[in-house]
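Please keep the structure in view while reading.

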Amino acid sequence: MSEVKTVDNMVSITIDGIEYKAKEGEYILNAARANDIFVPAICYLTRCSPTLACRICLVEADGKQVYSCNTKVKEGMEITIDTPNILEERRAIMEVYDVNHPLQCGVCDKSGECELQNYTLELGVDSQSYMIPDTKRETTNWSSVLHYDPGLCIVCERCTTVCKDMIGDAAITTAKRGGADLDKAYKESMPKDAYSMWNKLQKSVIAPSNGTGETNCSDCGECIAVCPVGALVSRDFVYQSNAWDLKRIPAVAAHSSDGAQIYYEVKPTSITDRTERIYRITNEWSYVSLDGSARFAYDFQNTTAVKDQATFDRAIEAFKKAETIRFNAMITNEEALMLQTLKEKMGIKLYNPEVRAFQKFLNHYEAASGNSLWSTDTDAIMKKTDFVISIGSSLRNDSPAMKYAFNNVQKLNKGAGLYFHPVGDTLIPTFGKNVEIFNHKVGLEEAALYLVLDLFANKDKLPSEVKEYIESFKSTRTEIIKEKVEKTVKEMVLNEETGEEEEVTKKVKETVDKEITVSSNGLIDLLGGDASKFDDVFAKMMKKKEHFSMMLGEDLYFHDKAENIAKLVALIEATCNIDVVMTPPKSNALGVALICDLDDTASGYTVGYNENGDFTLSALGTGDIDMPAMNQQEGTLTNIGKRVLPTNAAVEYEGYELNDIMKALVDAPELTIDWTAMLPVDKGFKKVDFDSLPNTFTNEGVDNRGYILNTNNCDTELPEVDKFDENSVLEGDIAYRCNPARQFNDFTDKSHEIFEAFGLYASKEKAESLGEKAEVVFENGSIILDVIADEKMTGDIVKVSDFRAAQGVYDLFGDARYTNVTLRKV
Amino acid sequence: MSLEQFKNRNVGTQNYTTLDVGTPPETGTDKFLQVIRRAVKGELFVGLWVVMRTMLQALFKNDMHTVKYPFEKLPISPRYRAIHDMLILLESGNYRCIGCGLCEKICISNCISMDTRYDENQRKEVSEYTINFGRCIFCGYCAEVCPELAIVHGPRYENASEQRAGFSLFEDMLTPIDKLNLQQEYDGFGAISPNADENIKQTPLAY
């Protein structure tokens with residue numbers, strides 16, 4: 001692990017006569033915000049590149065007017081936020097934004113949370129001096145969740161910026177709208193910036209970038225979150241509620257392991273039904289970006305639960321009888337601790353196939369590296385890394401936070417990236433020019449890690465065997481290539497005018513055979529790359545790169561050679577200057593892996609918690625006894641950033657909780673959250689009460705939610721790694737256990753704004769050859785699935801969804817994530 | 001965002017303060033004395049004289065001070081705040097209410113509630129609207145805040161009913177379409193001032 005902690009260099013700047021400290025290389029706007037100074041700005045988004053659409057962030061720096069969103073601070077810079085000229089510009093800009101903007105604020109879904117309204121008032125616009133004929137712009141639906149009203153749009157381009165720079169879909173862009181031309185007289189009479197901003201605004205509107213009316217994106221809805229006006233709204237939320245009626249419940253997105261900050265916004269269902277329901281999810285979009293499951297999978301609460309003593313007694317009986325408890329990652333730390341207590345006091349086995357492989361991987365990693373957890377997180381990657389490597393994760397589906405970080409590094413840090421994955425994906429190459437894709441054969445993940453060692457390791461630190469092993473892949477051969485050479489030839493030519501002979505030099509092109517030595521790296525060929533070109537490509541990628549990060553995904557945990565992989569990762573950390581982050585597969589997998597002592601197999605009478613079993617506890621309302629869903633309970637979750645995050649109950653719940661069962665079985669405290677302070681300290685948890693956990697971001701965007709797990713780091717010797725077997729690869733029809741984006745579990749499936757189906761996802765060609773339905777035959781069973789074409793997939797591998805626990809897809813795949821299957825048309 | 005409200009899990013045990021009403025009488029004598037103290041006072045006879053004088057004037061001098069309610073009613077001020085009316089547009093017969101929710105927000109006794117939806121014409125439609133008259137204090141804020149002069153107070157002040165709470169729905173308050181010609185503009189708080197036109201600065205329009 002690289003222990004290089006870069007301390008940001010601070011410079012001092014003066015804003016309106018007062019001296020402040022700012023990070024070197026920071027934009028003026030961000031530096032001001034970090035010091036709690038207000039600079040008006042509409043189009044700028046933290047963590048994205050400056051758009052320069054609104055121009056109201058004008059300030060004066062060292063006597064010159066600059067845009068504070070794209071000018072970096074310098075030592076001793078003197079900044080004035082308001083000068084008479086700038087105030088005039090800003091007012092003119094706001095007047096322009098108000099030209100033809102509908103005045104039906106009363107029915108707008110922004111209902112007062114509107115930045116256009118705020119800045120119009122802030123800059124004191126009380127009269128209008130500009131006019132232009134309006135253009136008719138029709139309301140459209142871009143996808144199953146996105147609703148766009150161009151009449152309200154001020155084309156600040158925040159949506160397109162966040163989609164490109166953060167989300168990576170680049171699904172929307174500015175398009176022409178055919179507005180009237182500005183009156184020429186305005187050019188003279190108007191402030192300069194306001195005129196050019198208006199000129200651009202008058203011509204543009206936002207539209208899907210693929211030219212059709214549909215975005216065909218991952219439907220994350222981040223564009224809705226960043227929209228400063230009511231132009232972009234979730235289709236489900238249009239005219240449903242005013243913002244001020246909704247009560248905000250701070251919580252954590254429960255489905256993926258991102259643990260993103262969210263607010264559940266609740267209000268009574270209707271006039272006749274006064275129980276509260278969740279209307280929408282909002283987030284602190286300056287500091288955190290949500291994926292589709294976090295934003296749209298919210299109504300998965302268990303509404304049917306009641307307290308029934310007879311059922312409760314049966315549940316107690318079942319627990320007393322149980323040999324195994326089967327559960328998954330969708331569980332809070334507190335509940336995981338309760339189950340662990342049951343294991344300790346009653347000897348019940350804990351079976352969790354989703355998390356077990358990850359837990360083993362973590363243990364191998366700790367044994368090899370001496371670190372109990374990985375060294376970085378996705379936020380840190382976005383802030384400083386300029387080279388990312390992703391191995392073993394289908395970025396688009398597994399971990400939204402990693403996808404965003406991978407993309408953000410390319411866009412904002414002028415970064416480069418290596419992506420190793422067997423399934424071809426057409427989206428990843430669009431993240432940046434310097435992204436190299438390796439669609440290797442299934443089973444060669446170790447080769448990818450050896451390649452990383454080869455490319456990045458400090459060769460002096462590497463054990464000699466490893467060095468030799470890596471060198472053994474390299475070969476040099478001589479090749480004869482044809483090279484074009486320019487020769488200078490001197491000729492005597494008769495000058496016709498003078499009749500004298502003159503010496504003329506001419507350049508002649510010639511092709512010559514030339515012998516060169518080509519060194520070729522067998523690892524690259526093995527991984528499906530082109531070794532002859534890679535050296536040049538890599539040299540270009542490495543230009544001016546300083547901070548390197550590697551993201552590891554679920555494929556590695558479910559790999560046959562997971563132990564060797566964990567050792568290789570430890571070796572990479574020890575010998576390369578690379579920070580590592582691992583995605584916990586789904587939800588609270590990290591918390592479960594740390595708290596519970598999981599078993600490899602299930603046996604005997606099984607109690608299933610949101611899983612199949614002889615007696616089932618279910619938050620879906622389908623089991624033998626009801627449990628609260630994640631939006632109905634308090635507790636903490638552990639995320640990819642190694643944080644323990646508090647979440648609150650948004651919706652009422654009337655049934656029993658796991659803690660009630662615990663109280664009947666063993667000694668248990670009064671409330672579920674009393675367990676928070678009892679989480680195991682030796683695993684890195686802290687003895688902190690639930691109620692004292694903070695849940696905020698600072699103005700600079702520093703995440704201050706919950707607490708970070710303590711990591712034990714001890715020095716160990718370099719691990720001994722095994723060679724890999726080039727031939728142990730899967731051939732033939734391969735199924736990959738992978739969910740469509742936005743689907744993670746039964747709860748996302750239950751939510752009414754998630755439409756992705758349970759099925760067999762395949763590239764377009766493969767889907768055509770399979771027809772509408774296909775039977776996937778595994779070694780130990782088969783499943784019939786609808787075939788769904790995923791336009792962004794390439795190659796022959798098919799993805800089988802696993803989000804419905806009842807379908808038992810984990811059992812079909814066994815300990816692997818890839819497996820050979822027979823595909824039959826049905 | 002403050003997390004205080006999420007930390008209180010004992011709903012219903014907030015601090016209540018009891019008013020000091022003294023100690024109630026205990027013995028029979030005390031109780032009797034309290035009744036006497038409260039009932040027999042000099043003012044009693046002053047009151048009786050006033051009533052007697054008015055009665056004599058009404059009987060012999062034909063100087064009547066009351067009307068024969070409910071057969072007879074006094075005219076009331078246009079600013080009188082009684083049961084709400086929901087006005088509609090005279091030209092088209094459409095609702096004036098746009099569903100902005102301001103009345104719901106401003107209501108200090110929290111008795112207005114509304115449901116809205118996205119209708120087929122891509123407009124915001126009020127699908128359900130209700131006022132709980134058991135809780136309404138007829139303060140007039142809703143009428144004052146209404147940007148469309150849709151919700152107003154009407155002259156109907158007879159609220160007697162068999163239940164304490166009476167709910168009124170949107171249809172109950174709307175002007176019936178066949179009585180559109182009888183719809184009265186409201187002159188109370190929130191109505192536009194007679195010189196409103198003079199105070200408006202026009203927005204320049206290019207067409």
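How far apart do the C-alpha centres of domain 1 of chain B and domain 2 of chain B lie? They lie 45 Å apart. The model is predicted: local features need pLDDT of at least 70, side-chain atom pairs count only at pLDDT 80 or more, and totals for chains, interfaces and linings use all residues. Residues are numbered from 1 along each chain as its sequence is written, and chains are lettered from A and ligands numbered from 1 in the order in which they are written.

**Chains and domains**

In chain B, domain 1 covers 28-60 and domain 2 covers 84-192; domain bounds come from an automatic or database domain assignment. Chain B contains seven helices and five strands. Helices (H or I, at least four residues) and strands (E, at least two) are DSSP runs, numbered from the N terminus. Along the sequence of chain B these elements follow the pattern α-α-α-β-α-β-β-α-β-β-α-α. Chain B has a radius of gyration of 26 Å, well over the 17 Å that the globule rule gives for 207 residues, so chain B is more spread out than a compact globule. The radius of gyration is taken over C-alpha atoms, and the globule rule is 2.2 Å times the number of residues to the power 0.38. The C-alpha trace of chain B spans about 85 × 65 × 35 Å along its principal axes.

Chain A comprises 24 helices and 39 strands. For its 826 residues, a compact globule would have a radius of gyration near 28 Å, and the 30 Å of chain A agrees with this. Its C-alpha atoms fill a box of roughly 115 × 80 × 60 Å along the principal axes. The domain assignment of chain A gives domain 1 (309-361 + 588-708), domain 2 (362-582) and domain 3 (734-825). Between domain 1 of chain A and domain 3 of chain A, the C-alpha centres are 28 Å apart. Their contact takes 11 residues from domain 1 of chain A and nine residues from domain 3 of chain A; residues are in contact if their C-beta atoms, placed from the backbone, lie within 7 Å. The side of domain 1 of chain A that touches domain 3 of chain A has six nonpolar, three polar and two charged residues. In these classes, Ala, Val, Leu, Ile, Met, Phe, Trp, Tyr, Cys and Pro count as nonpolar, Asp, Glu, Lys and Arg as charged, and the others, Gly among them, as polar.

The contact between the chains takes 21 residues from chain A and 25 residues from chain B. On the side of chain A that touches chain B, the residues divide into nine nonpolar, nine polar and three charged.

**Sheets of chain A**

Five strands of chain A form an open sheet with mixed pairing, in the order E2-E1-E5-E3-E4. Two strands pair if DSSP finds at least two bridges between them. Strand E2 (18-23) and strand E4 (64-67) of chain A are the edge strands, each pairing on one side only. From one strand to the next, the twist averages 40°. Strand E1 (residues 10-15) and strand E5 (residues 78-80) of chain A pair in the parallel sense over two bridges; A:Thr14 has A:Glu78 in E5(A) as its bridge partner. Helix H2 (residues 84-98) of chain A packs on the sheet, touching strand E3 (58-61) and E4 of chain A, and its direction makes about 165° with that of E3(A).

A further open sheet of chain A has three strands in the order E6-E7-E10, with antiparallel pairing. Its edge strands are E6 (140-141) and E10 (232-234) of chain A. E6(A) pairs with strand E7 (residues 146-148) of chain A over two bridges, and the bridge partner of A:Asn141 in E7(A) is A:His147.

Axes are lines fitted to C-alpha atoms, for helices over the stretch in contact, and angles run from 0 to 180 degrees between N-to-C directions.

| Helix pair | Angle | Axis distance |
|---|---|---|
| H4 (158-167) and H13 (400-412) of chain A | about 105° | 7 Å |
| H14 (445-456) and H19 (562-575) of chain A | about 10° | 10 Å |

H4(A) and H13(A) are therefore roughly perpendicular to each other, whereas H14(A) is roughly parallel to H19(A). Angles under 35 degrees count as roughly parallel, over 145 as roughly antiparallel, 65 to 115 as roughly perpendicular and the rest as oblique. The contact of H4(A) with H13(A) has four nonpolar, one polar and three charged residues. The contact of H14(A) with H19(A) has eight nonpolar, two polar and two charged residues.

Terms used: Two residues are in contact if their C-beta atoms, placed from the backbone, lie within 7 Å.
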